[in-house]
Amino acid sequence: MKWILNKVFGIIMLTFLLSVTVSGQDKVIVAADGSGDYSTIQEALNHCKAFRDYEQEIFIKDGIYHEKVLVDSFLTNIKLIGESKENTIITYSDHAGMPGVGTFNSYTVKVLGDNITMVNLTIENASGEVGQAVALHVEGDLFEIKDCNLLGNQDTLYAAGKNSRQLFKDCFIDGTTDFIFGAAIAVFENCTLHSKRNSYITAASTTKDHKYGYVFKGCKLTAEEGVDKVYLGRPWRDYANVVFIECEMGAHIVPEGWHNWGQPNREKTSFYAEYNSKGTGANVEKRVKWSHQLTKKQAKQYSIDNIFRFEVEMD
């Protein structure tokens with residue numbers, strides 16, 4: 001009996017000690033001034049356990065982090081939380097045309113791992129108007145980002161990965177040309193899309209076998225002063241799929257709404273649609289004939305659960 005009690009007690013103590021250890025590892029602090037566990041975000045990520053099945057929280061104190069950050073494919077279930085989105089800034093200045101740099105490795109932050117969450121951050125490509133320069137590049141599945149600023153010019157957000165599901169909530173995203181582009185299934189809820197010059201907002205490359213591509217719900221489309229000719233999107237690939245639902249559109253959105261990128265054949269394969277667009281730029285009756293206006297019944301199909309569930313069933 002004594003042996004059994006000792007064994008039970010030992011198991012209880014071991015469980016307790018393991019829980020303390022795990023708890024101690026579950027939250028780390030990054031501080032640029034050296035007051036945290038790590039002074040760079042990448043250093044904190046490099047010390048994360050691979051393929052976690054429980055959440056690791058990385059809290060990032062206010063500061064300017066001049067670094068190129070990679071959340072690799074073996075890093076899962078990680079939550080990066082900034083102290084404040086205005087003052088927790090990740091910035092870098094790579095751009096296409098630099099030695100060894102093209103569009104797809106010009107990122108400031110790249111996410112390849114699954115189940116990654118970001119909150120209260122500013123992610124910036126500070127290159128300026130020099131061509132393609134990605135701020136955030138995402139390919140991991142079930143990515144979520146909330147209350148963040150994504151700042152850049154051309155190609156600010158690369159929402160990539162044909163089997164990647166991404167959710168953007170209450171974010172501010174600005175740019176010039178094609179500043180949201182790629183093949184992902186991405187939902188944007190209550191985001192502000194800010195055009196910095198006359199050009200195109202989206203350049204989707206949705207794959208043929210996906211019913212959904214980019215879905216913007218309750219978003220606000222704004223522009224810099226003097227900007228007055230912005231298209232909702234143009235098809236980077238044949239089956240580009242973009243839908244705006246109950247979005248407020250400024251006067252900078254051109255009446256025709258969509259562009260075919262000089263490829264008339266893509267008018268037959270792309271799917272561009274709106275439902276209940278509002279504002280001066282919501283010129284529904286003047287949209288290009290090959291775009292669509294959803295019915296109320298059709299618009300109801302564009303819930304986050306339905307979009308993501310459909311894609312799970314496709315896999």
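Strand 14 and strand 17 (residues 185–189) run parallel to each other and pair over 5 bridges. Strands here are DSSP runs of E with at least two residues, helices are runs of H or I with at least four, and both are numbered from the N terminus. Two strands count as paired if DSSP finds at least two bridges between them.

Before going on, a word about what you're looking at. This is a predicted model, where local features need pLDDT of at least 70 and side-chain atom pairs count only at pLDDT 80 or more, while totals for chains, interfaces and linings use all residues. Residues are numbered from 1 along each chain as its sequence is written, and side-chain values use heavy atoms, with hydrogens and water left out.

Back to strand 14. Strand 11 (residues 143–146) is also joined to strand 14, in parallel, by 4 bridges. Here Ile145 sits opposite Phe168 of strand 14. Because 4 of the 5 residues of strand 14 (residues 165–169) are buried, the strand is largely enclosed by the rest of the structure. "Buried" means under 20% relative accessible area, "exposed" means over 50%, and "partly exposed" lies in between (1.4 Å probe, protein chains only).

Now step back to the whole chain. It comes to 5 helices and 26 strands. Its C-alpha atoms fill a box of roughly 85 × 45 × 35 Å along the principal axes. A compact globule of 315 residues would have a radius of gyration near 20 Å, and the chain has 22 Å, which agrees. That radius is taken over C-alpha atoms, and the globule rule is 2.2 Å times the number of residues to the power 0.38. Buried residues make up 51% of the 315. Contact means heavy atoms within 4.5 Å; of the chain's contacts with a separation of 6 or more, 66% are between residues 24 or more positions apart.

Strands of a sheet pair through backbone hydrogen bonds, either parallel or antiparallel.

What about the nonpolar interior? A nonpolar core is a set of buried Ala, Val, Leu, Ile, Met, Phe, Trp, Tyr and Cys residues joined through side-chain atoms within 4.5 Å. The largest one has 60 residues, and Leu136 and Phe188 touch the most other members. Helix 2 (residues 41–46) gives this core its largest share, 3 residues. Another core, of 15 residues, lies apart from it and includes Ile185, Ala273, Leu294 and Phe308. As for Leu136, its contacts beyond four places in sequence include Val109, Val111, Ile123, Ile145 and Phe168.

An unreviewed entry places "domain: Pectinesterase catalytic" at residues 28–307. Over that stretch the chain is 6% helix and 36% strand, and the end C-alpha atoms are 34 Å apart.

The unreviewed entry also places "active site" at Asp178. With a relative accessible area of 5%, Asp178 is buried. Leaving aside neighbours within four places in sequence, Asp178 is in contact with Asp155, Tyr200, Ile201, Thr202, Ala203, Arg234 and Trp261.

Two more stops toward the end of the chain. Arg266 belongs to helix 3 (residues 266–269) and is buried, at 15% relative accessible area. Its side chain makes a polar contact of 3.0 Å with that of Asp238. A polar contact is a pair of N or O atoms within 3.5 Å; within protein, one must be able to donate a hydrogen and the other to accept it, and residues adjacent in sequence count only if both atoms are side-chain atoms.

Finally, Gly281 sits in the loop between strand 25 (271–275) and strand 26 (292–293). Gly281 is buried, with a relative accessible area of 0%. Gly281 and Ile253 are 28 residues apart in sequence, yet 4.9 Å apart in space, C-alpha to C-alpha.

Definitions and conventions
UniProt positions renumbered as here; feature names shortened; annotations may be inferred.
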